[in-house]
Amino acid sequence: MKIGLLGYGKMGKVIERIAQERGHEIVARINRNDDKQELLKSDVVIEFSSPESAIENLKYCINKGIPIICGTTGWNNDIEEIYSLVKEQNAALVHASNFSLGVNLFFELNEKLAALMKPFKDYKLAVKEIHHTEKKDAPSGTAITLAEGIMRQTSYSEWHLGTSNKGTSVAIEALRENDVKGTHVITYDSPVDQIEITHKAHSRDGFALGAVIAAEWVIDKKGSFTMKDVLGI
């Protein structure tokens with residue numbers, strides 16, 4: 001399979017290594033000011049850039065009919081426009097707030113735990129994420145997905161950036177520390193005990209592997225998909 005990379009920073013280089021280890025060829029490595037024309041040689045594009053570049057990158061690939069795997073977060077306000085364009089162009093997109101296989105299992109665990117905890121009002125919910133200081137969006141897309149999973153199972157109806165829940169709004173605490181690949185913690189705390197689930201990424205390899213698996217999966221498919229579709233969960 002011929003893969004184009006849109007965004008060739010730290011993540012792009014890890015994706016390149018993982019893809020080559022799985023027998024794929026990297027035919028384009030595109031950064032912000034590069035000519036995207038090279039992407040036309042690709043069977044699929046994997047996009048990890050920045051929130052400022054993501055919409056333009058997505059529209060380019062969708063309009064050119066190139067399946068695209070998008071791991072950039074921070075552009076959810078435009079997601080319906082992108083989904084409509086995918087449908088209009090009969091294109092293919094896999095978008096996820098996190099491509100890690102472990103994180104996607106964590107999403108499922110989070111929802112199941114939220115449903116179990118709903119009747120027990122003595123337990124106070126806390127959502128926290130920690131990332132490297134270079135991460136531009138806060139809270140992380142992964143933390144937002146976790147909050148949305150909790151909202152589906154409980155009376156919470158929205159989220160906000162902060163440390164204290166407000167009525168039906170889930171607080172997401174976002175911390176930035178040096179050389180943290182990504183940690184997400186869901187805590188239920190009561191006066192007598194505490195229940196906590198944590199996902200901690202040791203390296204970028206997990207995110208890269210998931211993105212490459214998604215690229216392998218999307219070939220010959222049409223529509224907008226998530227990692228739930230890719231993993232069948």
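## Helix 3 and its neighbours

The buried residues of helix 3 pack against helix 2 (51–64), strand 5 (92–95) and strand 11 (223–225). This description rests on a predicted model. Which residues of helix 3 are buried? Within helix 3, which spans residues 79–89, they are Ile79, Ile82, Leu85 and Val86. These residues cover an arc of only 120° around the axis, and therefore lie on the same side of helix 3.

The other side of helix 3 carries exposed residues, namely Glu80, Lys87 and Glu88. Here, exposed means over 50% relative accessible area, while buried means under 20%. After helix 3 comes asparagine 90, which has a positive phi, near 50°.

## How helix 1 and helix 6 cross

Helix 1 is made of residues 10–21 and helix 6 of residues 205–218. Their axes come within 9 Å of each other and cross at roughly 60°. Because of this angle, helix 1 and helix 6 are oblique to each other. The crossing of helix 1 past helix 6 is right-handed.

## The contact between helix 1 and helix 6

Which residues make the contact? On the side of helix 1 they are Met11, Val14, Ile15, Arg17, Ile18 and Ala19. Helix 6 contributes Asp205, Phe207, Ala208, Leu209 and Val212.

By residue type, the contact of helix 1 with helix 6 has nine nonpolar residues, two charged residues and no polar ones. Arg17 of helix 1 and Asp205 of helix 6 are in this contact, and Arg and Asp count as charged.

Technical notes: Residues numbered from 1 in each chain as written. Predicted model: local features only at pLDDT ≥ 70, side-chain atom pairs only at ≥ 80, totals over all residues. Heavy atoms only, no water. Axes fitted to C-alpha atoms, helices over the stretch in contact; angles between N-to-C directions. Helix = DSSP H or I, 4+ residues; strand = E, 2+ residues; numbered from the N terminus. Parallel < 35°, antiparallel > 145°, perpendicular 65-115°, else oblique. Left-handed = near helix turned anticlockwise from the far one by under 90°. Contact = heavy atoms within 4.5 Å. Buried < 20%, exposed > 50% of the residue type's maximum accessible area, 1.4 Å probe, protein only. Arc of directions from axis to C-beta.
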